[in-house]
Amino acid sequence: MRWSNAFIPTLRDDPADAEATSHKLLVRAGFVRQLMAGSYSLLPLGQRVCQKITGIVRREMDEIGGQEFKLPTLHPAEVWQRSGRWESMGDEMFRFVDRKGADVGLGMTAEEIFTTLALELRSYKQLPQIWYQIHTKFRDEPRPKSGVLRVREFTMKDSYSLDLDDAGLDQSFQRHFEAYRRIFARCGVDTLAVEASVGAMGGSESIEFMVRSAAGEDHVAFCETCGYAANVEKATSGLPALEDGPGGAGPERFATPGVHTIDDLVGFEGGAPADRQIKTLVYVVDEGPILVLLRGDHALSEQKLADATGATALRAANEAEIRSALGASAGSLGAVGVCGVTVFADAALEGRREMVTGANEDGFHLRGVDVARDVTVSHWLDLREVQAGEACPMCDAPLAVEKAIELGHIFKLGTRYADALGAVVQSEAGESRPVVMGSYGIGIERAMAAVVERCHDDDGIVWPLAIAPFEVVVTVVNPKKLETAEAGAALYEALRGQGIDVLLDDREERPGVKFKDADLIGIPYRVTVGPKGLADGKVEVSRRKTRKSREVDVQKAAASVTESILEERGFAPDV
């Protein structure tokens, strides 16, 4: 490709609405353009990167026996209704009514659709199967942001394993786990595999592959000592024991005018530190109210609550619903003496005495609360969000908590979808058995952005060789001079002949502009062909990542650069 003929619209300034580094650089370097909120066009450079990521994904999926499909993204409501997810997906699913009055959705994922194809399987002899596609998905994100990290339309590799039993699922899950490790390593990023909630997908287990980044919207807890790692939606930790006194005969009511928060009560005369308070939250679960109790200094993980309740819909109650349930406003709530409402309590409160909580009367609290004696707890659960510095549940070393970007997510679905849609096979003993499934996803554009978040410097993107839009740029200084133009073109053709992905910068621009553009775009190797060097029979070869340069004989330049690239590839290029 000659730069003079290419569409590479680089910009000198960051887009005004961009916060994430990847958003700024992918726009400035001419990889993407926004059409509307959450919807982006991939320009030629962006398409080249995504095609290379897709090639890596496809190669690794084929290596574990995957077979590629292409399924519709237009789905009838009926199949999603049978699985129960037409309702549980909520507003994130794009839905409409077609001209014949039928309910239709745009595919967010394809468990239901692949399961309908699994209805054609008849015997255990046809298992195991691994089916996948690399295709467009749609999610009506309420707050699309950060460029292509959080969008409403995106490309996803989604694969599905089909096995006869759980032992087979375990093997398929492990094969995908190892394939994902290889995929992300080949894309040039280190990932952290973390325990995660199964969420709306369902199933028994899931693992997310995370890249630590300030642009991430997830938080992961991990232990540098033993390797434990989990999304905070799933993570657990140890807490130091707190000593409680013997407690009194019963709760004592006391006035707390102007106290509306945990911190207010900490500073109130006669109040209590946060770890001696009971935080009472009212939630509406599938249209019914519940109470959620936590220690005052702890935060609720809503995903843990959703997982524990199995709720289709879960939200914090509004002011009217709170007053209807407990007779007071938020800030004066408690569960002492409450009947007729299910109470979920975090395990950190179990056995606690001499606690303080709201009295369900505005401006009043109760002290001397003995949780076991005074509160009817329906369910004791792990509901709190872990914090940095708390003890690792595996080895007691302090946990770290950092933001991260999710690149991939793998699930053990079990028989949830097979049971709902009737996908069964005959076992060796002649019994009907539901197909045991796993689901495995990778976002392609998100992977591109995550690499940029990890691989950049002050001058632009620093692409890993395997997914760079071009491996080499041949920069011709002063292309109006016949000698340099011909030398650059000859080097370009020689590299192409060796199978190198090369861009020829033959533009009539100042050298500084060309060098800045090459750095911004992030091409791994630059070969500079200029009149001064050619006078000595030399060209300059520069490595974007290390900033190191060397002079090479012009006649040997193509062979030298090719050797370096093939050594760095370490394997045959994807096609």
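Analyst: A residue is called buried under 20% relative accessible area, exposed over 50%, and partly exposed in between. Please keep in mind that this is a predicted model.

User: Is Thr-236 buried, exposed or partly exposed?

Analyst: Because its relative accessibility is 29%, Thr-236 counts as partly exposed. Thr-236 sits in the loop that joins β12 (229-231) and β13 (252-255).

User: Which residues is Thr-236 in contact with, leaving aside its neighbours within four places in sequence?

Analyst: With those neighbours set aside, Thr-236 is in contact with Tyr-228, Asp-382, Val-386, Pro-393 and Leu-399.

User: How should I read a sheet, and what is the strand order in the open sheet of 5 strands?

Analyst: In general, the strands of a sheet pair through backbone hydrogen bonds, either parallel or antiparallel. Here the open sheet has the order β28-β27-β29-β30-β31, with mixed pairing. Its edge strands, β28 (502-505) and β31 (549-553), each pair on one side only, and the twist averages 25° from one strand to the next. One of the pairings, between β30 (residues 538-543) and β31, is antiparallel over 5 bridges, and Ser-542 has Ser-549 in β31 as its bridge partner.

User: Which helices lie across these strands?

Analyst: Helix α13 (residues 482-497) lies across β27 (472-476), β28 and β29 (525-529), running at about 170° to β27. Helix α16 (residues 557-569) lies across β27, β29, β30 and β31, and runs at about 130° to β31.

Definitions and conventions: Residues numbered from 1 in each chain as written. Predicted model: local features only at pLDDT ≥ 70, side-chain atom pairs only at ≥ 80, totals over all residues. Heavy atoms only, no water. Pairing = 2+ DSSP bridges. Helix = DSSP H or I, 4+ residues; strand = E, 2+ residues; numbered from the N terminus. Axes fitted to C-alpha atoms, helices over the stretch in contact; angles between N-to-C directions. Contact = heavy atoms within 4.5 Å. Buried < 20%, exposed > 50% of the residue type's maximum accessible area, 1.4 Å probe, protein only.
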